[in-house]
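Q: Hi! Could you walk me through this model?
A: Happy to, here it is.

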Amino acid sequence: MKRLIMGLVIAISSFSYSQNCDYIFLGEIKDFHDGTPIESATIHIIERDKYIVSDFDGKFKIENLCAGTLTLTMSHIGCETKTVSYTIENDISKIILLEHHLEELNEVTVSSNFKTEGTSIEQSISKADLEKYTDKSLGDALNAVSGVSSLNTGNTIVKPMIHGLHSSRLLIINNNVRLFDQEWGDEHAPNIDINSSDRVEVIKGANTLKYGSDAIGGLILLQPRRYAAIDSLFGSTMVSLNSNGRGGNINSEIIKTYASGLYGRIQTSYKQFGDFKSPDYYLTNSGLKNINASARIGYRTFEKGFDAYYSVVSNEFAILQASHIGNVGDLVAAINSREPRVIEDFSYNIDYPKQNILHHLAKIEAYKRFKNLGKLTVQYDMQINRRKEFDLRRGDLADTPVIDLRLFTNSLQSNLHIDYIDNLKIDSGILVRYQQNDAVSGTGVSPLIPDFEKYDASIYIIGNYNLNESSEISAGMRYDFTRIEAEKRYNVTDWNETYNYDELFPQFETNDIDNSEILTYPEFTFHNISANLGYSKLFNNDLSLFVNYGLATRVPNPSELFSDGLHHSAARIETGLLTLNKEVAHKFAVSFERNNQDFGFSISPYFKSINGFIQLIPTGITTTIRGAFPVWEYNQINAQIFGVDIDINKKITNNFNYNGNISILKGDNLSEDIPLIHMPSTNFTNGISYNNKALNNLSINLINKTVLQQKRYPNYNFYTYDPVLQEDVYVDISSTPAAYSLFSFNSSVNFKAFKTGTLKLELNIENLFNTKYNEYLNRQRYFSQELGRNINLKMKINY
């Protein structure tokens with residue numbers, strides 16, 4: 001045995017001495033953009049666990065290397081940390097490039113003053129704040145931002161509004177993909193799971209040209225998280241339970257990252273609620289069920305990388321049964337009644353009327369950096385949206401949707417970010433998009449929106465120039481080409497007499513007439529020019545000034561052009577207009593801000609002048625085989641909107657803080673000298689918070705939100721004949737509800753869990769005093785009260 005051991009020792013020693021360990025590595029660290037040497041960079045030699053520093057010329061030397069692999073991690077203040085590996089077979093000399101621009105760092109945490117663009121007027125919602133709305137919608141989360149409100153259908157279908165504008169005037173960008181999901185409808189909420197995002201940015205100014213020309217209202221960016229290039233496996237699970245609706249949400253995610261820059265993430269959530277409750281009664285058929293999932297995989301280094309993302313959102317929304325009117329008589333009775341006409345016991349059943357929406361989103365993005373130029377990004381994305389709206393029907397069609405639309409969208413885009421000049425950054429890009437809408441047959445009714453194809457092509461250029469260390473100016477231009485081709489049947493009388501389309505658009509006609517309907521092929525082409533100009537100035541005492549001007553253009557969407565029939569979930573006849581032209585908006589916005597934890601504020605006035613503003617307004621009633629329904633028609637006017645958003649934060653003591661905001665808005669129909677329809681009223685929020693890190697990061701918040709009555713509204717009331725009463729009755733669909741004030745309570749505390757995990761517990765109470773109220777911007781305000789008190793318990797485990 002001794003001889004065997006001795007032999008092994010001699011053999012190993014002989015092998016070691018025969019191995020060449022005299023190799024030398026000469027390194028030189030330079031800036032990626034201009035090639036200047038980077039002095040005092042730290043180099044970690046992984047195999048030796050030893051640190052050295054680059055000299056004045058950015059050079060360093062490693063001696064006595066053996067054949068094999070050499071792994072180096074280089075870091076420097078203001079640079080992105082970089083890890084490289086080399087195979088050592090002889091002496092070697094390498095130049096290593098580091099990125100030396102602070103804005104290119106991988107953002108792991110987002111500060112309150114983070115901005116997507118240096119001159120933009122925007123506010124951010126962090127991941128921690130988003131988690132407060134884990135079982136709610138994107139619209140609910142955005143309601144906490146000044147200047148942002150929502151157009152609701154009940155409490156589950158929440159459509160965001162910025163400065164009174166919504167739908168296709170509002171761009172929603174999810175993981176760098178513009179959302180297309182039949183957003184034209186008042187009761188069509190964005191199909192987004194906020195649990196899949198890391199932060200949300202609301203841009204109120206004009207810095208939107210990179211994403212589209214038609215952001216007259218603003219831009220909502222849902223941003224994913226950037227992961228550090230380390231070997232790690234982590235995740236979280238959050239459970240939320242609610243007393244109102246007797247439901248909640250469970251969301252879970254797991255992330256794997258590698259030092260090489262590779263990463264992957266899987267996330268899924270499930271949400272279900274039964275009938276919600278007002279202070280006095282249950283809201284029969286008001287529940288929901290959501291199943292959402294997303295997956296992401298990518299590779300990120302400074303020089304190159306890719307990101308692939310897929311998400312699926314499945315929503316099932318019950319529509320309040322009392323809001324389903326069969327005729328104007330039902331509407332009059334609902335308005336005059338203090339209670340819904342249908343009140344039943346609590347149930348988890350989702351009956352008709354209801355909506356089923358399935359939305360798929362997929363994208364693949366890749367980028368490459370070029371020395372002395374910048375970063376080129378290319379992206380392809382695809383979306384499939386299937387929307388089904390179910391009515392109360394009888395017979396063979398009882399389970400058949402009255403609206404069945406399938407929207408397919410795919411886009412190819414590129415962006416070149418030129419950043420090799422320190423004071424100048426230029427973004428330029430092109431986009432092509434194809435969209436197809438299929439009005440699925442077999443519904444038993446004429447489609448509200450016809451089959452159509454839409455083609456888009458865009459090109460833009462945006463520049464940001466640093467005038468000096470405290471001032472920046474940005475400017476940009478964008479050109480958009482849009483073509484819409486549709487196939488639609490019109491009633492011959494409407495085509496020839498009501499709208500005179502036979503004289504205005506004879507090129508759309510065919511000789512195909514069936515059952516008093518003429519087949520047409522409408523085609524429209526639009527050319528749009530948009531622009532923006534921004535300026536920012538930073539002062540020494542935490543003060544900053546932002547000024548934006550934007551020229552935005554929006555083409556009519558297909559619903560505005562072609563709608564023709566009963567929109568069942570809205571319980572109204574909607575009629576489009578082929579003579580609509582594009583909207584042209586001039587947007588001015590200013591923000592004066594102080595970013596200071598002791599006392600901070602922002603004052604942001606704005607003004608929007610919109611020529612050719614397209615609106616949907618009630619114009620009377622009509623009778624169908626289903627009964628009499630209000631008629632809503634699209635028309636075009638000149639409009640203006642101006643207002644101001646004010647935010648304040650004040651540190652009272654080391655533990656107590658105050659936060660408040662107020663939003664004031666005034667919208668005018670200049671063509672008819674009346675107020676614009678559906679404008680949010682003045683509202684303000686005040687909140688007191690207590691935070692104590694020593695007590696397990698204890699947080700307690702008391703928040704009050706007050707919404708004043710909207711006194712400026714257009715009068716679209718009308719008279720109609722009631723066959724039951726045998727007389728004309730007055731239908732008041734315009735008057736607004738009274739002001740209201742709500743209180744809410746939020747609290748949270750953190751604990752250590754396991755060896756490396758944490759446990760976070762939250763207790764929240766909404767509508768603390770069970771206040772009875774109605775919201776003007778809720779389409780169901782005629783039929784029921786808003787929700788009563790809700791007690792919410794959340795538990796989150798980080799592991």
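A: A place to begin is Pro353, which lies in the loop between helix H4 (328–336) and S20; helices (H or I, at least four residues) and strands (E, at least two) are DSSP runs, numbered from the N terminus. The peptide bond from Tyr352 to Pro353 is cis, with omega near 0°.

Q: Before I go on, what kind of model is this, and how are residues numbered?
A: This is a predicted model, where local features need pLDDT of at least 70, side-chain atom pairs count only at pLDDT 80 or more, and totals for chains, interfaces and linings use all residues. Residues are numbered from 1 along each chain as its sequence is written, and side-chain values use heavy atoms, with hydrogens and water left out.

Q: Thanks! Where does Asn356 lie, and what does Asn356 touch?
A: Asn356 is in strand S20 (residues 354–370). Not counting residues up to four places away in sequence, Asn356 touches Asn315, Glu316, Arg386, Arg387, Lys388 and Phe390; contact means heavy atoms within 4.5 Å. Asn356 and Ala318 are 38 residues apart in sequence and 8.9 Å apart in space, C-alpha to C-alpha.

Q: Why does Asn356 count as partly exposed?
A: Because its relative accessibility is 24%. Buried means under 20% relative accessible area, exposed over 50%, and partly exposed in between (1.4 Å probe, protein chains only).

Q: And Leu397, where is its place?
A: Leu397 sits in the loop between strand S21 (374–390) and S22, and counts as partly exposed at 31% relative accessibility. Leaving aside neighbours within four places in sequence, Leu397 is in contact with Thr443 and Gly444. From Leu397 to Thr443 there are 46 residues in sequence and 7.8 Å in space, C-alpha to C-alpha.

Q: Is Ser471 buried or exposed?
A: Ser471 is buried, with a relative accessible area of 5%. Its place is in strand S25, and its contacts, leaving aside neighbours within four places in sequence, are Tyr465, Asn466, Tyr535, Ser536 and Lys537.

Q: Changing topic: which residues have the most contacts inside the largest nonpolar core?
A: They are Tyr490, Trp495, Phe524, Phe562 and Leu578, in a core of 32 residues. Such a core is a set of buried Ala, Val, Leu, Ile, Met, Phe, Trp, Tyr and Cys residues joined through side-chain atoms within 4.5 Å. Elements giving two or more residues to this core include strand S25 (471–491), strand S28 (523–538) and helix H7 (558–562). Apart from it lies another core, of 23 residues, among them Ile319, Ile325, Ile733 and Leu787.

Q: What about phi of Ser167 and Asn175?
A: Phi of Ser167 is near 60°, and phi of Asn175 is near 55°. Most residues other than glycine have a negative phi, and most peptide bonds are trans. Ser167 is buried, with a relative accessible area of 11%, and Asn175 counts as buried at 5% relative accessibility.

Q: Zooming out, how many helices and strands does the chain have?
A: The chain has seven helices and 43 strands. Of its 799 residues, 53% count as buried. The C-alpha trace spans about 115 × 65 × 60 Å along its principal axes.
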